[in-house]
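Here are my notes on the model, as numbered points. Please read them with the structure open.

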Amino acid sequence: MNSLERMMAALNGQPVDQTPVAIHHFLVTGRYAGFDDLGQWLQDGDMLAAGQLASWRELRHDALLIENGVTAMAQALGSEIVYPKSIPPHVRRPLLADGLEGLDHLRVPDPRTAHPLCEVLKAVRICRRETQDKVFIMGRADQGPNALAMALRGPEQWLMDLMDPDQDALVTRVLELTTACCTRYALALLEAGAHGSCIGGAGVSVLSPQLYMQREWPHQRSWCQAVRDAGGRAFVHACGNEQAILDDMADTGAHSLELAPDTPLTAVRELMLRLTPVLGMLSPILFEQGTTDELRDHVRRTLKMFAGCSRFIIGPGCALPVDSPLENLAAFVDEVRRYPAS
Ligand SMILES: [Zn+2]
């Protein structure tokens with residue numbers, strides 16, 4: 001099997017020769033190409049692609065996860081973004097800090113022309129062309145409905161808005177806008193050559209289960225449906241312990257969930273055996289702070305835990321920190337490749 005076939009088989013719940021490997025390491029990839037200014041190469045499609053491809057040629061993982069950070073859409077909508085040399089970009093001041101009414105001035109950006117979305121599209125086009133269907137290309141559509149709203153409004157203020165009955169109509173309109181933004185972006189990424197896309201979902205580490213079902217789930221579902229209708233594979237990412245909503249997340253229609261080890265492995269195993277592929281489950285912190293031996297041991301234990309799950313795609317459960325040692329990434333892929341799928 002080549003990498004693309006291995007990924008597609010896992011997403012379809014079919015047998016694989018080896019557990020597919022996906023690495024959420026866009027903050028690290030530039031180092032493989034010799035770039036040292038994170039703020040520069042994250043905004044340049046040629047450099048984004050060069051980093052992804054240099055990393056792939058060395059590690060030979062099965063899926064390229066292409067993005068430029070968690071602020072791409074906020075920037076395209078007009079937020080001022082700070083791009084430091086050695087830490088991820090962040091919003092200087094939320095665009096809607098003075099009130100949700102500012103929404104009236106916002107329009108869904110055209111990803112083909114809006115910076116930096118157009119640069120990520122360029123990176124996807126280059127990576128698809130250079131890898132020639134040997135590897136799965138994931139063009140990530142930035143933040144999901146509530147996560148983008150938090151970037152625009154400020155996280156705490158947005159959570160207060162969600163619970164304020166007087167803001168109900170405006171909250172609805174914000175979520176319609178943010179969903180339209182990540183949907184249009186995902187469709188453009190697929191058109192540029194991505195086999196799949198992903199949104200950063202807000203799970204129950206951020207929202208109550210009730211708010212998740214009312215204010216996040218319907219929008220995730222419509223995003224997944226749009227990606228499916230366009231022939232792409234839909235992934236939904238969540239950063240915390242999502243055990244309480246695993247079945248609901250699967251019900252969004254996502255082809256795969258992206259989960260961190262905060263969610264109990266037994267619950268994830270049960271979900272995969274029954275229903276839905278999962279990408280992730282390794283600790284990003286261990287990639288950054290662990291030794292190669294500790295990482296290899298973590299990989300072996302995780303593979304053992306998910307033995308018999310053909311729907312498992314192994315990788316760090318969230319974006320790897322900027323300074324993760326490259327030898328840990330090499331040890332990770334090497335360790336997975338030692339074992340045939342069981
Ligand atoms: Zn995450």
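1. Start with Thr 252, which lies in the loop between α11 and β8. Helices here are DSSP runs of H or I with at least four residues, strands are runs of E with at least two, and both are numbered from the N terminus. Thr 252 has a relative accessible area of 2%, so this residue is buried. The cut-offs are under 20% for buried, over 50% for exposed, and partly exposed in between, with a 1.4 Å probe and protein chains only. Beyond its neighbours within four places in sequence, Thr 252 contacts Tyr 212, Trp 217, Gln 220, Arg 221, Cys 224 and Val 236. Contact means heavy atoms within 4.5 Å.

2. A word on the basis. This is a predicted model, in which local features need pLDDT of at least 70 and side-chain atom pairs count only at pLDDT 80 or more, while totals for chains, interfaces and linings use all residues. Residues are numbered from 1 along each chain as its sequence is written, and side-chain values use heavy atoms, with hydrogens and water left out.

3. Now the metal. Which residues coordinate the zinc ion? They are His 237 through NE2, Cys 239 through SG and Cys 318 through SG, at 2.0 to 2.1 Å. Donors are N, O and S atoms within 2.8 Å of the metal (3.2 Å for Na, K and Ca); water is not among the atoms, so sites may look incomplete. The donor spacing in sequence is H-x1-C-x78-C. The two cysteines link distant parts of the chain, 79 residues apart: Cys 239 is in the loop between β7 (233–238) and α11 (246–250), and Cys 318 is in the loop between β10 (312–316) and α15 (326–337). Cys 239 is partly exposed because its relative accessibility is 45%. Cys 318 is also partly exposed, at 24%.

4. Look next at β7. Six of its six residues are buried, so β7 is largely enclosed by the rest of the structure. In a regular strand, side chains alternate between the two faces of the sheet. Here both faces are covered: Arg 233, Phe 235 and His 237 are buried on one side, and Ala 234, Val 236 and Ala 238 on the other.

5. β7 has parallel partners. Five bridges join it to β6 (residues 196–200), and Ile 199 has Val 236 as its bridge partner in β7. Phe 235 has Ser 256 as its bridge partner in β8. Two strands pair if DSSP finds at least two bridges between them.

6. Follow the strands onward. Three bridges join β8 to β9 in the parallel sense, with Glu 258 opposite Leu 279 in β9. The chain crosses from β8 through helix α12 (residues 265–274) to β9, and this β-α-β crossover is right-handed. In β9 (residues 278–282), five of five residues are buried. β9 and β10 run parallel and share five bridges; Gly 280 has Ile 314 as its partner in β10.

7. Helix α7 (residues 145–153) is mostly covered, with nine of its nine residues buried. These buried residues pack against α5 (72–76), β4 (90–91), α8, α9, β6 and α10. Just after α7, Gly 154 takes a positive phi of about 100 degrees.

8. How do the helices pack? The axes of α7 and α9 are 8 Å apart, at an angle of about 110 degrees, and the pair is therefore roughly perpendicular. Axes are lines fitted to C-alpha atoms, for helices over the stretch in contact; angles run from 0 to 180 degrees between N-to-C directions. The axes of α8 (residues 155–162) and α9 (residues 168–191) come within 9 Å and cross at roughly 125 degrees, so these two helices are oblique. The classes are under 35 degrees for roughly parallel, over 145 for roughly antiparallel, 65 to 115 for roughly perpendicular, and oblique for the rest. Trp 158, Asp 161 and Leu 162 of α8 meet Val 171, Val 174 and Leu 175 of α9.

9. Last, Ala 230, in the loop between α10 and β7. Ala 230 counts as partly exposed because its relative accessible area is 46%. Apart from residues up to four places away in sequence, Ala 230 touches Leu 187 and Leu 190.

Note on methods. A crossover is right-handed if, with the strands pointing away from the viewer, the path from the first strand over the helix to the second runs clockwise.
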